[in-house]
Amino acid sequence: MPTDSIECHMHASEHEQLDELFESIMGMYSVSGSEHALADAVERFLRGLAHLEVHRLGDTLVASTHLNRASRVVLAGHLDTVPVIDNFPPRWLHPGDPLIRKEIAEAYPSSAVMWGRGSADMKASDAVMLYLAASLTDTRHDLTFVFYDHEEVAAEHNGLRKVAEKHPDWIRADFAIIGEPTSCAIEGGCNGTMRFDVITHGIAAHSARAWMGRNAIHEAGDILNRLNAFEARKFIVDGLEYQEGLNATMISGGSGTNVIPEECRVHVNYRFAPDKTVEEAKSLMFGEESGIVLGSDETRAPGGIFAGYGILMCDESPAARPGMDSPLSQSLSELVERRTGQEPRAKMGWTDVARFSQIGTPAVNLGAGNPLLAHKHDEQVPVDDLYVMADILKEWLS
């Protein structure tokens, strides 16, 4: 299955075209930082479509129609995947294959299944968007397709972020759809996220004379107590329920097996609901006007949950409100509910809907694949999910 080009025979049936596109992009290794070959293939495919104007920035492709419609819709998907865990190259699984997860076999008993890294997150949706880019030439809205790099890593590398900063006119629109896996439901908005180190300082000494030092790892126990005491709450925002979370995800300290450690770092990830801005989330963590910003040196938190500790900010991305009051999101949600029976729900993880929210464009998540299978070693998608997503968007856009 590994390949270096995107195949799609336009004389074939819709399902055959989707299968072929999905197989082509799944066969290209594209872990974050290694998307270049896939981006090249996507560019060749898009430039072969006469009705699209194509731009490229780094490994991000932007392709737009110019039909002089009254409104424009963006359909965006990232090309990169998280690292491979014995799940590349991909493979097709057919009904009865023991590698098909039980819940998928029961829900899609007659569907072929694509197994492998990136199938759910989010090459299934990318395949649908490539199909729509090729097949939709007369739509009710002008369309912009965005295929971007470095979504699965720190925000500073994100290809969509770079386009938004350097060429905002390329993605200016009235509405946007991010193809993150949602099992073809609408997931509105997203939680915000920030990552930071909480740092303790001690005094180094030989462990045989521990009383001559001060143990920074022991002092980190209070940080863990504060994390355990945090009450993760649910918030209703524009009718959708978001669950917050505050967790230590890594801890490091010490320089030798017989040395009292002089520093310990607890890496913390705060996922905050879209009722808060980044600054409001920081105030809760570190106190108001803490001066703690990305790129700054370690700064002592004057207040908040981590008052008194040194903080080093590592990453931050804003939340996005659901945007369900937009006429376009309402009409799409009604169609999705009619076709799938699924009502709109909140997006718990951070997604690039937040980037569109920042520039005033309502955006939702809608994609093929189960979001709970993203990043798993047995990541897989029933191809029937692609057919449903394609049919919904064709009806809504045509």
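The predicted model contains an open sheet of eight strands in the order E1-E2-E6-E3-E7-E19-E8-E18, with mixed pairing. Here two strands count as paired if DSSP finds at least two bridges between them, and both helices (H or I, at least four residues) and strands (E, at least two) are DSSP runs numbered from the N terminus. Strands of a sheet pair through backbone hydrogen bonds, either parallel or antiparallel. The edges are taken by strand E1 (53-57) and strand E18 (345-346), each of which has a single partner strand, so one side of each is left without a neighbour in the sheet.

Residues are numbered from 1 along each chain as its sequence is written, and side-chain values use heavy atoms, with hydrogens and water left out. Since the model is predicted, local features need pLDDT of at least 70 and side-chain atom pairs count only at pLDDT 80 or more, while totals for chains, interfaces and linings use all residues.

Within the sheet, strand E2 (residues 60-64) and strand E6 (residues 142-148) run antiparallel and are joined by four bridges. Leu61 stands opposite Phe147 in E6. Helix H4 (residues 119-135) packs on the sheet, where it touches strand E3 (72-78), E6 and strand E7 (175-178); contact means heavy atoms within 4.5 Å. The direction of H4 makes about 140° with that of E3. For such angles, axes are lines fitted to C-alpha atoms, for helices over the stretch in contact, and the values run from 0 to 180 degrees between N-to-C directions. Helix H9 (residues 327-340) lies across E7 and strand E19 (363-365), running at about 45° to E7.

Most residues other than glycine have a negative phi, and most peptide bonds are trans. The peptide bond from Phe88 to Pro89, however, is cis, with omega near 5°, and Pro89 sits in the loop between E3 and strand E4 (91-93). Another cis peptide bond links Asp121 to Met122, with omega near -10°; Met122 belongs to helix H4.

Two histidines have positive phi values. His150, with phi near 55°, is found in the loop between E6 and helix H5 (159-166). At 18% relative accessibility, His150 counts as buried, the cut-offs being under 20% relative accessible area for buried, over 50% for exposed and in between for partly exposed (1.4 Å probe, protein chains only). His375, with phi of about 75°, lies in the loop between E19 and strand E20 (380-382) and is partly exposed, its relative accessible area being 38%.
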